[in-house]
Amino acid sequence: MKKLKIGIIGCGTIADIHADAITQSKNAELHSVFSRNEKKAKKCAENYGVHPCSDWNEFISDNDLDAVSICTPSGTHLDYGVKAAKEGKHVIVEKPIEVTLQRAKTLISECKINNVKLAVIYQSRFITEISELKKQLKQSIIGDIFMADAYVKWYRTQEYYDSGIWRGTFKLDGGGVLINQAIHTIDLLQWFMGDVDTVYGKVGTFTHTNIEGEDNAVAVLKYKTGAIGVIEASTSVQPAQSRKIELHGKQGTIVVDDNSVKVFMAGAEEKQSEKKEERASGASSPLSGFSIEPHKKQFEAITNAIINNQSPPVSGEESMKSLAIVQAIYESSKLNVPVVLDDLIKR
(Lines give C-alpha, C1' and ligand atoms only; values in the text may rest on other atoms or scores of the structure.)
Protein backbone atom coordinates (compact mmCIF):
# COMPACT_ATOMS: atom_id res chain seq x y z
CA MET A 1 0.00 0.00 0.00
CA LYS A 2 1.13 3.52 -0.78
CA LYS A 3 2.40 5.52 2.19
CA LEU A 4 0.92 8.97 2.64
CA LYS A 5 3.65 11.59 2.93
CA ILE A 6 2.81 14.00 5.74
CA GLY A 7 4.42 17.29 6.72
CA ILE A 8 4.02 18.74 10.21
CA ILE A 9 3.19 22.42 10.70
CA GLY A 10 4.44 23.78 14.00
CA CYS A 11 7.23 22.29 16.11
CA GLY A 12 5.94 22.57 19.67
CA THR A 13 5.35 19.74 22.16
CA ILE A 14 2.41 18.18 20.32
CA ALA A 15 4.46 18.00 17.11
CA ASP A 16 6.66 15.28 18.59
CA ILE A 17 3.57 13.23 19.41
CA HIS A 18 2.27 13.55 15.86
CA ALA A 19 5.71 12.77 14.45
CA ASP A 20 6.08 9.64 16.56
CA ALA A 21 2.58 8.48 15.61
CA ILE A 22 3.20 9.09 11.91
CA THR A 23 6.57 7.32 11.86
CA GLN A 24 5.08 4.30 13.65
CA SER A 25 2.05 4.09 11.35
CA LYS A 26 1.95 1.41 8.68
CA ASN A 27 0.68 3.60 5.85
CA ALA A 28 2.15 7.02 6.67
CA GLU A 29 5.56 8.61 6.26
CA LEU A 30 6.86 11.77 7.94
CA HIS A 31 8.10 13.82 5.00
CA SER A 32 8.97 17.28 6.38
CA VAL A 33 8.40 19.77 9.19
CA PHE A 34 7.67 23.49 9.08
CA SER A 35 8.17 26.21 11.67
CA ARG A 36 8.67 29.94 11.26
CA ASN A 37 11.41 29.45 13.83
CA GLU A 38 14.33 28.03 11.86
CA LYS A 39 16.06 26.55 14.93
CA LYS A 40 12.89 24.71 16.01
CA ALA A 41 12.37 23.36 12.50
CA LYS A 42 15.93 22.07 12.27
CA LYS A 43 15.85 20.48 15.73
CA CYS A 44 12.57 18.70 15.07
CA ALA A 45 13.67 17.57 11.61
CA GLU A 46 16.98 16.21 12.93
CA ASN A 47 15.13 14.07 15.47
CA TYR A 48 13.24 12.29 12.69
CA GLY A 49 15.64 12.51 9.77
CA VAL A 50 13.38 14.63 7.58
CA HIS A 51 13.57 17.93 5.73
CA PRO A 52 13.16 21.14 7.79
CA CYS A 53 11.46 24.25 6.37
CA SER A 54 11.14 27.75 7.72
CA ASP A 55 9.97 29.07 4.35
CA TRP A 56 6.23 28.45 3.95
CA ASN A 57 6.17 28.47 0.16
CA GLU A 58 8.98 25.95 -0.01
CA PHE A 59 7.18 23.67 2.43
CA ILE A 60 3.66 23.75 0.98
CA SER A 61 4.63 23.72 -2.72
CA ASP A 62 6.50 20.41 -2.37
CA ASN A 63 4.92 18.12 -4.96
CA ASP A 64 5.80 15.04 -2.92
CA LEU A 65 3.83 16.30 0.09
CA ASP A 66 0.39 14.63 0.33
CA ALA A 67 -0.97 15.97 3.60
CA VAL A 68 -0.21 18.29 6.51
CA SER A 69 -0.63 17.77 10.23
CA ILE A 70 -1.30 21.09 11.94
CA CYS A 71 0.22 21.37 15.43
CA THR A 72 0.04 25.14 15.92
CA PRO A 73 -2.14 27.00 18.48
CA SER A 74 -5.83 26.27 17.96
CA GLY A 75 -6.73 29.74 16.70
CA THR A 76 -4.34 29.38 13.74
CA HIS A 77 -5.73 26.08 12.41
CA LEU A 78 -8.01 27.81 9.92
CA ASP A 79 -5.27 29.93 8.37
CA TYR A 80 -2.83 27.07 7.86
CA GLY A 81 -5.57 24.62 6.89
CA VAL A 82 -6.98 26.84 4.15
CA LYS A 83 -3.53 27.52 2.71
CA ALA A 84 -2.76 23.80 2.64
CA ALA A 85 -6.13 22.90 1.12
CA LYS A 86 -5.66 25.41 -1.68
CA GLU A 87 -2.39 23.64 -2.53
CA GLY A 88 -4.24 20.31 -2.73
CA LYS A 89 -2.88 18.92 0.54
CA HIS A 90 -5.11 16.87 2.83
CA VAL A 91 -5.51 18.43 6.27
CA ILE A 92 -5.08 16.79 9.68
CA VAL A 93 -5.65 19.06 12.66
CA GLU A 94 -4.85 18.67 16.36
CA LYS A 95 -7.93 19.16 18.54
CA PRO A 96 -9.98 21.31 18.64
CA ILE A 97 -10.66 21.95 14.97
CA GLU A 98 -10.68 25.71 15.69
CA VAL A 99 -11.68 28.15 18.43
CA THR A 100 -15.12 29.09 17.09
CA LEU A 101 -17.81 27.30 15.13
CA GLN A 102 -17.66 29.88 12.36
CA ARG A 103 -13.93 29.37 11.85
CA ALA A 104 -14.46 25.60 11.92
CA LYS A 105 -17.20 25.87 9.29
CA THR A 106 -14.93 27.91 7.04
CA LEU A 107 -12.16 25.32 7.26
CA ILE A 108 -14.58 22.50 6.50
CA SER A 109 -15.96 24.42 3.52
CA GLU A 110 -12.53 25.25 2.10
CA CYS A 111 -11.42 21.63 2.31
CA LYS A 112 -14.55 20.54 0.42
CA ILE A 113 -14.10 23.24 -2.23
CA ASN A 114 -10.52 22.10 -2.82
CA ASN A 115 -11.45 18.40 -2.74
CA VAL A 116 -9.16 17.44 0.13
CA LYS A 117 -9.91 15.40 3.25
CA LEU A 118 -10.11 16.97 6.71
CA ALA A 119 -9.56 15.02 9.94
CA VAL A 120 -9.25 16.14 13.57
CA ILE A 121 -7.22 14.33 16.22
CA TYR A 122 -9.36 12.89 19.03
CA GLN A 123 -7.18 9.95 19.96
CA SER A 124 -9.20 8.97 23.05
CA ARG A 125 -11.72 7.33 20.71
CA PHE A 126 -8.94 4.93 19.66
CA ILE A 127 -8.05 3.67 23.13
CA THR A 128 -8.85 -0.05 23.04
CA GLU A 129 -11.21 -0.12 26.02
CA ILE A 130 -12.98 3.07 24.88
CA SER A 131 -13.61 1.82 21.35
CA GLU A 132 -14.85 -1.52 22.73
CA LEU A 133 -17.21 0.33 25.08
CA LYS A 134 -18.64 2.26 22.11
CA LYS A 135 -19.48 -1.05 20.44
CA GLN A 136 -21.11 -2.39 23.61
CA LEU A 137 -23.23 0.74 24.02
CA LYS A 138 -24.77 0.09 20.62
CA GLN A 139 -26.07 -3.15 22.15
CA SER A 140 -27.65 -1.23 25.08
CA ILE A 141 -25.75 -3.30 27.66
CA ILE A 142 -27.06 -1.19 30.57
CA GLY A 143 -30.43 -0.41 29.06
CA ASP A 144 -31.74 3.05 28.29
CA ILE A 145 -29.31 5.65 29.66
CA PHE A 146 -31.03 8.38 31.66
CA MET A 147 -27.97 10.20 33.07
CA ALA A 148 -24.49 10.74 31.60
CA ASP A 149 -21.78 12.83 33.27
CA ALA A 150 -18.16 13.84 32.64
CA TYR A 151 -15.60 15.01 35.20
CA VAL A 152 -12.17 16.43 34.34
CA LYS A 153 -10.71 17.73 37.60
CA TRP A 154 -7.09 18.30 36.74
CA TYR A 155 -4.29 20.61 37.79
CA ARG A 156 -2.11 22.99 35.81
CA THR A 157 0.46 25.29 37.35
CA GLN A 158 0.65 29.01 36.71
CA GLU A 159 3.94 28.26 34.96
CA TYR A 160 2.05 26.09 32.47
CA TYR A 161 -0.10 29.04 31.39
CA ASP A 162 2.89 31.39 31.42
CA SER A 163 4.91 29.04 29.19
CA GLY A 164 3.15 30.20 26.02
CA ILE A 165 1.64 33.60 25.25
CA TRP A 166 -1.26 31.84 23.49
CA ARG A 167 -2.30 29.67 26.45
CA GLY A 168 -5.61 30.66 27.99
CA THR A 169 -6.31 33.35 25.38
CA PHE A 170 -9.58 33.57 23.49
CA LYS A 171 -7.96 34.29 20.13
CA LEU A 172 -5.44 31.44 20.05
CA ASP A 173 -6.57 28.94 22.72
CA GLY A 174 -10.30 29.60 22.43
CA GLY A 175 -10.73 29.79 26.19
CA GLY A 176 -9.48 27.66 29.06
CA VAL A 177 -10.01 24.23 30.57
CA LEU A 178 -13.10 23.32 28.53
CA ILE A 179 -11.66 23.82 25.06
CA ASN A 180 -8.12 22.69 25.87
CA GLN A 181 -8.06 19.98 28.54
CA ALA A 182 -11.69 18.78 28.82
CA ILE A 183 -12.65 18.66 25.16
CA HIS A 184 -11.35 15.10 24.69
CA THR A 185 -13.68 13.88 27.44
CA ILE A 186 -16.56 16.02 26.19
CA ASP A 187 -16.04 14.44 22.78
CA LEU A 188 -16.28 10.96 24.29
CA LEU A 189 -19.39 11.89 26.27
CA GLN A 190 -21.30 13.02 23.19
CA TRP A 191 -19.86 10.12 21.15
CA PHE A 192 -21.36 7.71 23.67
CA MET A 193 -24.66 9.57 24.14
CA GLY A 194 -25.43 11.19 20.81
CA ASP A 195 -26.40 14.79 20.17
CA VAL A 196 -26.94 17.29 22.98
CA ASP A 197 -30.15 19.30 22.95
CA THR A 198 -29.58 22.12 25.46
CA VAL A 199 -26.80 23.33 27.76
CA TYR A 200 -26.78 25.58 30.80
CA GLY A 201 -23.32 26.44 32.08
CA LYS A 202 -21.17 28.57 34.34
CA VAL A 203 -17.46 29.27 34.01
CA GLY A 204 -14.96 31.17 36.12
CA THR A 205 -11.28 31.80 36.76
CA PHE A 206 -10.29 31.19 40.37
CA THR A 207 -6.68 30.04 40.84
CA HIS A 208 -4.72 31.34 37.85
CA THR A 209 -3.79 34.85 36.75
CA ASN A 210 -3.12 36.53 33.42
CA ILE A 211 -5.41 34.23 31.45
CA GLU A 212 -8.58 35.21 29.61
CA GLY A 213 -10.12 31.75 29.68
CA GLU A 214 -11.67 29.79 32.52
CA ASP A 215 -9.91 27.41 34.88
CA ASN A 216 -13.22 26.01 36.23
CA ALA A 217 -16.52 25.19 34.54
CA VAL A 218 -19.77 23.37 35.26
CA ALA A 219 -22.70 22.63 32.97
CA VAL A 220 -26.03 20.83 32.92
CA LEU A 221 -26.87 18.99 29.70
CA LYS A 222 -30.04 17.60 28.19
CA TYR A 223 -29.47 15.08 25.41
CA LYS A 224 -31.78 14.57 22.46
CA THR A 225 -32.56 11.12 23.86
CA GLY A 226 -34.15 12.85 26.86
CA ALA A 227 -31.30 11.91 29.22
CA ILE A 228 -29.66 14.53 31.42
CA GLY A 229 -26.14 14.98 32.76
CA VAL A 230 -23.39 17.28 33.96
CA ILE A 231 -19.90 18.35 32.95
CA GLU A 232 -17.38 19.51 35.55
CA ALA A 233 -13.96 20.70 34.41
CA SER A 234 -11.05 22.27 36.26
CA THR A 235 -7.31 22.90 36.09
CA SER A 236 -7.28 23.99 39.75
CA VAL A 237 -7.87 20.74 41.65
CA GLN A 238 -5.08 19.50 43.95
CA PRO A 239 -4.33 16.70 43.93
CA ALA A 240 -5.37 16.18 40.34
CA GLN A 241 -8.07 13.58 39.83
CA SER A 242 -8.48 10.99 37.10
CA ARG A 243 -10.96 11.90 34.40
CA LYS A 244 -14.27 10.11 34.69
CA ILE A 245 -17.34 9.46 32.59
CA GLU A 246 -20.36 7.93 34.29
CA LEU A 247 -23.23 6.43 32.31
CA HIS A 248 -26.32 5.37 34.28
CA GLY A 249 -28.88 3.11 32.59
CA LYS A 250 -31.99 1.29 33.75
CA GLN A 251 -30.08 -2.00 34.08
CA GLY A 252 -26.72 -0.76 35.36
CA THR A 253 -23.87 1.75 35.39
CA ILE A 254 -20.68 2.17 33.38
CA VAL A 255 -17.75 4.13 34.78
CA VAL A 256 -14.80 5.20 32.63
CA ASP A 257 -11.93 6.01 35.01
CA ASP A 258 -9.06 7.46 32.98
CA ASN A 259 -9.07 4.75 30.30
CA SER A 260 -10.30 1.76 32.30
CA VAL A 261 -13.94 0.71 31.99
CA LYS A 262 -16.02 -0.72 34.84
CA VAL A 263 -19.51 -2.12 34.35
CA PHE A 264 -21.91 -2.46 37.26
CA MET A 265 -25.05 -4.45 36.43
CA ALA A 266 -28.05 -4.46 38.72
CA GLY A 267 -27.85 -7.53 40.97
CA ALA A 268 -24.49 -8.69 39.57
CA GLU A 269 -20.82 -8.35 40.42
CA GLU A 270 -18.70 -5.56 38.95
CA LYS A 271 -17.06 -6.30 35.62
CA GLN A 272 -13.77 -4.51 34.92
CA SER A 273 -11.68 -4.55 31.80
CA GLU A 274 -8.40 -6.37 32.28
CA LYS A 275 -6.39 -4.49 29.70
CA LYS A 276 -3.55 -2.44 31.17
CA GLU A 277 -2.12 -0.76 28.08
CA GLU A 278 -2.72 2.78 26.91
CA ARG A 279 -2.93 4.33 30.38
CA ALA A 280 -2.75 8.12 30.05
CA SER A 281 -4.55 10.73 32.09
CA GLY A 282 -2.81 14.08 31.66
CA ALA A 283 -4.29 14.94 35.06
CA SER A 284 -1.27 16.58 36.65
CA SER A 285 0.66 17.51 33.49
CA PRO A 286 -0.03 17.38 29.74
CA LEU A 287 1.97 14.21 29.05
CA SER A 288 1.42 12.38 32.35
CA GLY A 289 1.45 8.61 31.73
CA PHE A 290 1.32 9.22 27.99
CA SER A 291 1.06 6.42 25.39
CA ILE A 292 1.53 6.97 21.67
CA GLU A 293 -0.65 3.98 20.71
CA PRO A 294 -4.05 5.76 20.38
CA HIS A 295 -2.49 8.52 18.25
CA LYS A 296 -0.87 5.88 16.05
CA LYS A 297 -4.18 4.08 15.62
CA GLN A 298 -5.96 7.26 14.60
CA PHE A 299 -3.24 8.30 12.15
CA GLU A 300 -3.41 4.84 10.57
CA ALA A 301 -7.19 5.14 10.27
CA ILE A 302 -6.94 8.65 8.81
CA THR A 303 -4.25 7.84 6.27
CA ASN A 304 -6.04 4.65 5.24
CA ALA A 305 -9.22 6.68 4.64
CA ILE A 306 -7.37 9.29 2.58
CA ILE A 307 -5.62 6.67 0.47
CA ASN A 308 -8.95 4.93 -0.20
CA ASN A 309 -10.90 8.19 -0.76
CA GLN A 310 -13.13 7.66 2.29
CA SER A 311 -14.30 10.00 5.04
CA PRO A 312 -11.65 9.96 7.76
CA PRO A 313 -12.27 9.66 11.47
CA VAL A 314 -12.87 12.15 13.11
CA SER A 315 -14.15 14.36 10.25
CA GLY A 316 -14.45 18.12 10.43
CA GLU A 317 -18.22 17.89 10.84
CA GLU A 318 -17.90 15.28 13.58
CA SER A 319 -15.33 17.38 15.46
CA MET A 320 -17.74 20.32 15.57
CA LYS A 321 -20.03 18.46 17.99
CA SER A 322 -17.70 18.75 20.97
CA LEU A 323 -16.71 22.29 20.01
CA ALA A 324 -20.40 23.25 19.89
CA ILE A 325 -20.92 21.96 23.45
CA VAL A 326 -17.97 24.04 24.67
CA GLN A 327 -19.17 27.13 22.83
CA ALA A 328 -22.68 26.63 24.23
CA ILE A 329 -21.33 26.52 27.78
CA TYR A 330 -19.40 29.75 27.21
CA GLU A 331 -22.44 31.49 25.75
CA SER A 332 -24.76 30.20 28.46
CA SER A 333 -22.43 31.42 31.18
CA LYS A 334 -22.16 34.84 29.56
CA LEU A 335 -25.90 35.31 28.96
CA ASN A 336 -27.14 33.30 31.96
CA VAL A 337 -29.61 31.36 29.80
CA PRO A 338 -29.83 27.80 28.44
CA VAL A 339 -28.46 27.42 24.90
CA VAL A 340 -29.99 25.18 22.24
CA LEU A 341 -27.18 23.43 20.38
CA ASP A 342 -28.94 23.21 17.02
CA ASP A 343 -29.65 26.96 17.08
CA LEU A 344 -26.02 27.70 17.93
CA ILE A 345 -24.67 25.51 15.13
CA LYS A 346 -27.04 26.98 12.52
CA ARG A 347 -25.89 30.57 13.04
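## Basis of the model

Because the model is predicted, local features are reported only at pLDDT of at least 70 and side-chain atom pairs only at pLDDT 80 or more, whereas totals for chains, interfaces and linings use all residues. Residues are numbered from 1 along each chain as its sequence is written, and side-chain values use heavy atoms, with hydrogens and water left out.

## Overall architecture

The protein chain has 11 helices and 15 strands, these being DSSP runs numbered from the N terminus (helices H or I of at least four residues, strands E of at least two). The radius of gyration is 20 Å, close to the 20 Å that the globule rule gives for 347 residues, so the chain is as compact as a globular protein of that length; the radius is taken over C-alpha atoms, and the rule is 2.2 Å times the number of residues to the power 0.38. Along the principal axes, the C-alpha atoms fill a box of roughly 60 × 45 × 40 Å.

Of the 347 residues, 56% count as buried (buried means under 20% relative accessible area, exposed over 50%, and partly exposed in between, with a 1.4 Å probe and protein chains only). Residues 24 or more positions apart account for 68% of the contacts with a separation of 6 or more, a contact being heavy atoms within 4.5 Å. The accessible surface comes to about 15300 Å², of which 49% belongs to carbon and sulfur atoms; areas come from the Shrake-Rupley method with a 1.4 Å probe, and for residues only the protein chains shown count as cover.

## Helix α5 and its packing

Helix α5 (residues 101–113) has 13 residues and reaches 18 Å from its first C-alpha to its last, close to the 18 Å expected at 1.5 Å a residue, where the expected span is 1.5 Å times one less than the number of residues. Its buried residues are Leu-101, Ala-104, Leu-107, Ile-108, Glu-110 and Cys-111, and they pack against α4 (77–86), β5 (90–94), β6 (118–121), α10 (316–335) and α11 (341–346). Just after α5, Asn-115 takes a positive phi of about 60 degrees.

## Salt bridges

The count comes to 13 salt bridges, each defined as a side-chain nitrogen of Lys or Arg within 4 Å of a carboxyl oxygen of Asp or Glu. In helix α2 (residues 38–48), Lys-42 and Glu-38 are four residues apart and thus separated by about one helical turn; their closest N and O atoms are 3.3 Å apart. Lys-42 is partly exposed at 42% relative accessibility, as is Glu-38 at 43%. In helix α9 (residues 293–307), Lys-296 and Glu-293 are three residues apart and form a salt bridge with closest N and O atoms 3.6 Å apart. Here Lys-296 is buried at 17%, whereas Glu-293 is partly exposed at 26%.

Asp-257 and Lys-244 form a salt bridge with closest N and O atoms 3.9 Å apart, and this pair links distant parts of the chain, with Asp-257 in strand β12 (residues 252–257) and Lys-244 in strand β11 (residues 244–249), 13 residues apart. Elsewhere, Arg-125, Asp-187, Glu-318 and Lys-321 are linked in a network of salt bridges.

## A nonpolar surface patch

Phe-146, Met-147 and Ile-228 make a nonpolar surface patch of about 250 Å². Patches are made of residues with over 30% relative accessible area and no salt bridge, like charges being joined within 9 Å and nonpolar side chains (Val, Leu, Ile, Met, Phe, Trp, Tyr) within 5 Å. Phe-146 lies in strand β7 (residues 145–153) and is partly exposed, with a relative accessible area of 44%.
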